[in-house]
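Open the model in your viewer and keep the selection panel at hand. The tour goes stop by stop.

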Amino acid sequence: MNFDDDETILDGPGNRPAPDSALPQGFRLGDYEIERLLGAGAMGEVYLARQVRLNQRCALKVLPAALAQSADFEKRFASEGQALAMLDHPNVVRVLNAGEDKGRHFLTMEYVEGGSLEEHLAERGGRLPEADARKMLVQILSGLAYAHKAGVVHR
């Protein structure tokens, strides 16, 4: 299964403007309250959110309203959630839930604290020490190999 999701990180140095469809802080989707936009890509916007009932932070990937008008995109988004929910690996973010509210389809994922690669590079003058780069690459490739073995291709 291929997922074409050219994600743009919005939370860090060189922030890009939020998409016009970005949900405002405090907006509720089901039991989830939006805190802020983390990034956006071809198949969704990712928000830092809080599950209200458990007072627990999570990442919420939301299919943009414009794409939700297409049954094909809804189907691709649902398939993505089902495929990713089957993955269980320390270097792959877990999908915890899927839902729909107010005409918005969303996936709930674990929120992993830390920064983006862009932030880490900015803190180090644009370069990583070789040992750090190797460690990151091993983790990334381990997660990708696991996903590929399960039939999931991340582009």
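Two strands count as paired if DSSP finds at least two bridges between them. This is a predicted model.

Select residues 28–29 for strand β3 and residues 32–41 for strand β4. The two pair in the antiparallel sense, over two bridges. Now pick R28 and look across: E33 in β4 stands opposite. Two residues lie between the strands of this hairpin.

**Stop two: on to β5.** Select G41 next; its bridge partner in β5 is G44. A hairpin makes the link from β4 to β5, through two residues.

**Stop three: helix α2.** Select residues 71–85. The helix has 15 residues. From first C-alpha to last, α2 reaches 21 Å, close to the 21 Å expected at 1.5 Å a residue. Which residues of α2 are buried? Colour F77, E80, G81, A83 and L84: these are buried.

**Stop four: a surface patch.** Select L137, I140, L141 and L144. Together they form a nonpolar patch on the surface, with about 350 Å² of accessible area. Show residues 130–149 as well: this is helix α4, where L137 has its place. Is L137 buried or partly exposed? L137 is partly exposed, because its relative accessible area is 48%, and partly exposed covers the range between under 20% for buried and over 50% for exposed.

Conventions: Residues are numbered from 1 along each chain as its sequence is written. This is a predicted model: local features need pLDDT of at least 70, side-chain atom pairs count only at pLDDT 80 or more; totals for chains, interfaces and linings use all residues. Side-chain values use heavy atoms; hydrogens and water are left out. Patches are made of residues with over 30% relative accessible area and no salt bridge: like charges are joined within 9 Å, nonpolar side chains (Val, Leu, Ile, Met, Phe, Trp, Tyr) within 5 Å. Accessible areas come from the Shrake-Rupley method with a 1.4 Å probe; for residues, only the protein chains shown count as cover. A salt bridge is a side-chain nitrogen of Lys or Arg within 4 Å of a carboxyl oxygen of Asp or Glu. Helices (H or I, at least four residues) and strands (E, at least two) are DSSP runs, numbered from the N terminus. Buried means under 20% relative accessible area, exposed over 50%, partly exposed in between (1.4 Å probe, protein chains only). The expected span of a helix is 1.5 Å times one less than its number of residues.
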